[in-house]
Amino acid sequence: MKLFGKSNTTDTDPATLAKTIDETRERLNVFSESIRALFLFVREYTLDITEIDAEDFKKQLEALQEKFQPDEKTKTIATQFDRQKGKILEHIQRQKTYIGERETEFREIIDLMTAAMGGLDNENRDFYSSIRSQGERFEQITLLDDIKRIKSELVREVDKMRNMVRDKENLDQRALDSLSSQVDVLKKELDKARHSANTDGLTGVNNRKSLDNHLRSLVERNTVTRAPFSLLMMDLDDFKQLNDTYGHTVGDRMLLAFAEKCRAAVRSDDFLARYGGEEFMLILPGASLRNATKKAKQLCRTIAAAQYAADDSPKADVVSITVSIGVSTYRNGDTVKSLVDRADQCLYKAKAAGKSRAVAENSL
């Protein structure tokens, strides 16, 4: 029997060959899943540190992972990996160095705090020394012969001691309150900065950067957790015409109104974000394609039914908007690009079919 044009002295049983092919295919699937998981683990290990270009490193990893596809040429995969492996090691070393430097800084801070505590001990030592002095004065008072004088002196010295203790307590409490206040201010500033970095300035929903990070995390974790989710890509219909007719101020008001309507219609764990311009995305964790499509159609009806005044004047024009939605759901082996591309194709089909409607990927 000849295989691939070469003579084979031993005949190969077709059933055995088929079994070998099936086993090879199964091993390939296992290797592919393992590689995806390893890429996820490396990204999870990478700390979000601006100083060491962590964001750029994650993008490089994502680009490299895209090459590990079954239909990609082996030589191409090998070449890309050979180019990038050195950069991966460099980043790991850079992160280790950074952590080591921060550890040194923390040790220095601990040393400073220890010295400060030593100073506090000195203050307390002075306070306790004053208390001991008061005790010695009490002993001297008891040596007086006149009982009335003893009582009078004791009352006076006890009052002094009480005032001294009260002053020390007030001083310590003020210091504690001051430190607590500083911590609260720093925490609020940090929360404010984090929120601002992930929020769209106009609508108040998540911005594109936050969306990209969240979507990438969901896809990566599905390599391990198998947690289903669906994606709605939403685009306001004829938005350019609305801007041309009423101006960008009204256009902005419509974007804000649309975001508010969406927020009122979704669950607390759903993820709403502005994708760009008049496009928004809604991620529905745990939603099947059927349920996500149902939610999309409901949103289409809700948005179409709403009416708004173009301005605050009594005779203002009534403005309404509609939205077209493409719906896709995560499949095993999906990348962010493949998932978004399917939703985009569905959105295009919804626009072509007359707008103000939802199209799911099962109709492609």
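## Aromatic pairs

In this predicted model, the count of aromatic pairs comes to two. One of them joins Phe229 and Tyr330, whose rings are stacked, with 5.6 Å from centre to centre and 25° between the planes. Phe229 belongs to strand β3 (residues 229–236), while Tyr330 sits in the loop between β8 and α9 (336–352), so this pair ties together parts that are 101 residues apart in sequence. Phe229 and Tyr330 are both buried.

Phe258 and Phe280 also form a pair; their ring centres are 5.0 Å apart and their planes meet at 55°, so the pair is tilted. Phe258 is part of helix α7 (residues 248–265) and Phe280 is part of strand β5 (residues 279–285), so the pair ties together parts that are 22 residues apart in sequence. Phe258 is buried, with a relative accessible area of 1%, and for Phe280 the relative accessible area is 1%, which again is buried.

## Salt bridges around Glu361

The structure holds 20 salt bridges. Among them is the bridge between Glu361 and Arg331, in which the closest N and O atoms are 3.2 Å apart. This pair links distant parts of the chain, with Glu361 in the segment after β9 (358–360) and Arg331 in the loop between β8 and α9, 30 residues apart. Glu361 is buried at a relative accessible area of 7%, whereas Arg331 is partly exposed at 41%.

Glu361 also forms a salt bridge with Arg342, where the closest N and O atoms are 2.7 Å apart. Here the segment after β9, which holds Glu361, is linked to helix α9, which holds Arg342, and the two residues are 19 residues apart. Arg342 is buried, its relative accessible area being 10%. Through shared partners, salt bridges join Arg331, Asp334, Arg342 and Glu361 into one network.

## The surroundings of Ser328

Ser328 lies in strand β8 (residues 323–329). Its relative accessible area is 0%, so Ser328 counts as buried. The side chain of Ser328 reaches the backbone oxygen of Leu339 at a distance of 3.1 Å.

With its neighbours within four places in sequence left aside, Ser328 is in contact with Ser230, Leu231, Leu289, Leu339, Arg342, Ala343 and Glu361. Two of these residues, Arg342 and Glu361, are themselves joined by a salt bridge.

## The salt bridge between Lys58 and Asp48

Another salt bridge connects Lys58 with Asp48, and the closest N and O atoms of this pair are 2.5 Å apart. Lys58 lies in helix α2 (residues 54–67) and Asp48 in the loop between α1 (14–45) and α2, so the pair ties together parts that are 10 residues apart in sequence.

The two partners differ in accessibility. Lys58 has a relative accessibility of 13% and counts as buried because buried means under 20%. Asp48 stands at 64% relative accessibility and counts as exposed because that term applies over 50%.

## Helix α5

Helix α5 (residues 208–222) comprises 15 residues and reaches 21 Å from its first C-alpha to its last, close to the 21 Å expected at 1.5 Å a residue. At the start of α5, a side-chain oxygen of Asn207 comes to within 3.4 Å of the backbone nitrogen of Lys209.

The buried residues of α5 are Ser210, Leu211, Leu215, Arg216, Val219, Glu220 and Asn222. An α-helix has 3.6 residues a turn, so residues three or four places apart point the same way. The elements against which the buried residues of α5 pack are α1, α2, β3, β4 (271–276), β5 and α9.

## The protein as a whole

The secondary structure of the protein comes to nine helices and nine strands. Of the 364 residues in the protein, buried residues make up 30%. Among contacts with a separation of 6 or more, residues 24 or more positions apart account for 65%. The protein exposes about 23,900 Å², and carbon and sulfur atoms supply 54% of this area.

Terms used
Residues numbered from 1 in each chain as written. Predicted model: local features only at pLDDT ≥ 70, side-chain atom pairs only at ≥ 80, totals over all residues. Heavy atoms only, no water. Helix = DSSP H or I, 4+ residues; strand = E, 2+ residues; numbered from the N terminus. Buried < 20%, exposed > 50% of the residue type's maximum accessible area, 1.4 Å probe, protein only. Polar contact = N/O pair within 3.5 Å; in protein donor to acceptor, adjacent residues only side chain to side chain. Contact = heavy atoms within 4.5 Å. Phe/Tyr/Trp six-rings, centres within 6.5 Å; stacked < 30°, edge-to-face > 60°. Salt bridge = Lys/Arg side-chain N within 4 Å of Asp/Glu carboxyl O. Areas by Shrake-Rupley, 256 points an atom, 1.4 Å probe, with all protein chains shown as cover. Expected span 1.5 Å × (residues − 1).
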